[in-house]
Amino acid sequence: MKPLVHSYLIIVVLGISAIGLKAIPKTTALPAGIAGWSGEYSDKLLKNSVIKARLKKLLGTKSYVEFMDSFETLTPISDDGELLFASGCLVHACTQLESAIAIDVKNNAIHAAIFNSERSTRYFNERGRKTPLPIVNWASKLEELKVNKWSYNLNDYDYEIDRISITNAAVRV
């Protein structure tokens, strides 16, 4: 009788444990032949139904709209041997609103980022993966431009104040 009770308890414990496990959703495969898309314009990535669906899920509705809005000016897809990378910007507003996408073909992962000069860059990575270096470098360059733009504007402002002061001093003489 004891072995039967022990067996029953083991079955119950294992059953409860199995119920507690959540199934990890399987990520849809990337399009066939995507590794050969280097040199194509980035809209080939963005218009692909599989990538589009995964981006919408990754970014959420509001961020997806902002991401796509900032991809009006396109760049060719580059390939560093590990990742496909492309970026785009809002027409007449490059360095103010830009987005980037990186696709890790080997690990079937999509990464995206949205840069807005008025707030912090937002990063989106499937399955909590680390943001890849091409996106980090892209964002760093934009952040540097943002900082330098402010310093140039301040220097221009200081120059304007100095010029006005000199002009006013000349008038007083």
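**View 1. Glu66 and its salt-bridge partner, Arg119.** In this predicted model, Glu66 is tucked away as a buried residue, with a relative accessible area of 16%. Its side chain meets that of Arg119 in a salt bridge, at 2.7 Å from N to O. The two come from distant parts of the chain: Glu66 sits in helix H4 (residues 61–69) and Arg119 in strand E6 (residues 119–125), 53 residues apart. Is Arg119 buried or partly exposed? At 39% relative accessibility, Arg119 is partly exposed. As a general point, side chains of opposite charge can pair when their charged atoms come close.

View 2. Lys146 is buried, at 18% relative accessible area, while Glu143 is partly exposed at 26%.

View 3. The side chains of Glu126 and Arg127 form a salt bridge at 3.9 Å, N to O. Glu126 counts as buried, at 10% relative accessibility, whereas Arg127 is partly exposed at 44%. Salt bridges with shared partners tie Arg54, Glu126 and Arg127 together into one network. How many salt bridges does the model have? The count comes to six.

**View 4. Phe67 and Phe71, a tilted ring pair.** There is one aromatic pair to look for. The ring centres of Phe67 and Phe71 are 5.2 Å apart and their planes meet at 50°, so the pair is tilted. Phe67 and Phe71 are both buried.

**View 5. The largest nonpolar core.** This core has 22 residues, and those touching the most other members are Leu45, Ile51, Leu55, Phe67, Ile101 and Ile103. Which elements give two or more residues to it? They are helices H2 (43–47), H3 (49–59) and H4, plus strands E3 (83–89), E4 (97–104) and E5 (109–116). H3 gives the most, with four residues. A second, separate core has nine residues, among them Phe85, Ala102, Ala113 and Leu142. More generally, nonpolar side chains tend to be buried together in soluble globular proteins.

**View 6. Helix H3 and its buried face.** Follow H3 and you'll find Ile51, Arg54, Leu55, Leu58 and Leu59 buried. Seen down the helix axis, these buried residues fall within an arc of 120°, so they line one face of H3. That buried set packs against H2, H4, E4, E5 and E6. On the other side of H3, Ser49 and Lys57 are exposed.

View 7. For the protein chain, the mean pLDDT is 81, and 71% of the residues reach 70 or more. What happens to pLDDT over residues 152–173? There it stays under 50, and the model has zero contacts beyond four places in sequence for this stretch.

How values were computed. Residues are numbered from 1 along each chain as its sequence is written. This is a predicted model: local features need pLDDT of at least 70, side-chain atom pairs count only at pLDDT 80 or more; totals for chains, interfaces and linings use all residues. Side-chain values use heavy atoms; hydrogens and water are left out. A salt bridge is a side-chain nitrogen of Lys or Arg within 4 Å of a carboxyl oxygen of Asp or Glu. Buried means under 20% relative accessible area, exposed over 50%, partly exposed in between (1.4 Å probe, protein chains only). Rings of Phe, Tyr and Trp (its six-membered ring) pair if their centres lie within 6.5 Å; planes under 30 degrees apart count as stacked, over 60 as edge-to-face and the rest as tilted. pLDDT is the predictor's confidence in each residue, from 0 to 100. Contact means heavy atoms within 4.5 Å. A nonpolar core is a set of buried Ala, Val, Leu, Ile, Met, Phe, Trp, Tyr and Cys residues joined through side-chain atoms within 4.5 Å. The arc is that of the directions from the helix axis to the C-beta atoms.
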